[in-house]
Amino acid sequence: MSYLIVACSLNPESRSLVLARQAEEALRSAGATVNFINLKTTPLPLCDGDSVYARPEVQSVAKQIQKAEGILLSVPIYNYDVNAATKNLVELTGKAWEDKVVGFLCAAGGQGSYMSVMSLANSLMLDFRCLIIPRFVYFTGEAFEEGKVTDQKVEGRVSELAKELHHICTALNKKP
Ligand SMILES: Cc1cc2nc3c(=O)[nH]c(=O)nc-3n(C[C@H](O)[C@H](O)[C@H](O)COP(=O)(O)O)c2cc1C
């Protein structure tokens, strides 16, 4: 099985990047092949709905999405939504998302934004028939200290999501 994790924060001290790395470790230790994209170190242009689709970095990311059997998006919550860089990624890569199994890991400032990924999740479901894993990893700043996880619950939740992704993708792969 081959998975893709996209760390979507552009913040150099990103907490969602820490979650993404934990998910990578969980999937790799289950024997999966994992491709990792960090949008901070793989900058993408803003989507203009036109010439930008031909840019090599956009095509490379689209190909990696298209090749993956399942995708984990590790996102920062901004203004009760995913950050603009995440939405921009989906705008740039559109059809590459078709029929993907997608899970979310979220870093937020407060508990009140828990449902913030739903707008993007709906768009992925309705536009591209993605299967969204109904188990979001969601942690606030209290779970971290100096770039490291301090909350014991993080590892368990991340590994449950990784297991669920692997389980669903394996089951779908076996379909006649
Ligand atoms: C522009 C901006 C908007 C934000 N909006 C929200 C919000 O609506 N809800 C929330 O819980 N946290 C919000 N936050 C806090 C971030 O979600 C939090 O800092 C999180 O750690 C960001 O993820 P990152 O560390 O991976 O970049 C906001 C932060 C910024 C910079």
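Which helix and strands each supply at least two residues of the shell around the ligand? They are helix H1 (15–29), strand S3 (70–78) and strand S5 (101–108). Keep in mind that this is a predicted model, in which local features need pLDDT of at least 70, side-chain atom pairs count only at pLDDT 80 or more, and totals for chains, interfaces and linings use all residues. Residues are numbered from 1 along each chain as its sequence is written.

Let us start with the whole chain. It has 5 helices and 9 strands, where helices (H or I, at least four residues) and strands (E, at least two) are DSSP runs numbered from the N terminus. Along the sequence, the pattern reads β-α-β-α-β-β-α-β-α-β-β-β-β-α.

Now back to the ligand. Around the ligand lie 17 residues, the closest being Ser9, Ser16, Pro76, Ala108 and Gly109; a residue counts as near if its C-beta atom, placed from the backbone, lies within 6 Å of the molecule. The shell consists of 7 nonpolar, 9 polar and 1 charged residues. Here Ala, Val, Leu, Ile, Met, Phe, Trp, Tyr, Cys and Pro count as nonpolar, Asp, Glu, Lys and Arg as charged, and the others, Gly among them, as polar.

H1 also packs against helix H5 (residues 153–173), at an angle of about 55° and with the axes 9 Å apart. Axes are lines fitted to C-alpha atoms, for helices over the stretch in contact, and angles run from 0 to 180 degrees between N-to-C directions. On the H1 side, the contact includes Leu19 and Gln22, while Val154 and His166 are among the H5 residues; contact means C-beta atoms, placed from the backbone, within 7 Å. This contact divides into 8 nonpolar, 3 polar and 1 charged residues.

Conventions:
Contact = placed C-beta atoms within 7 Å.
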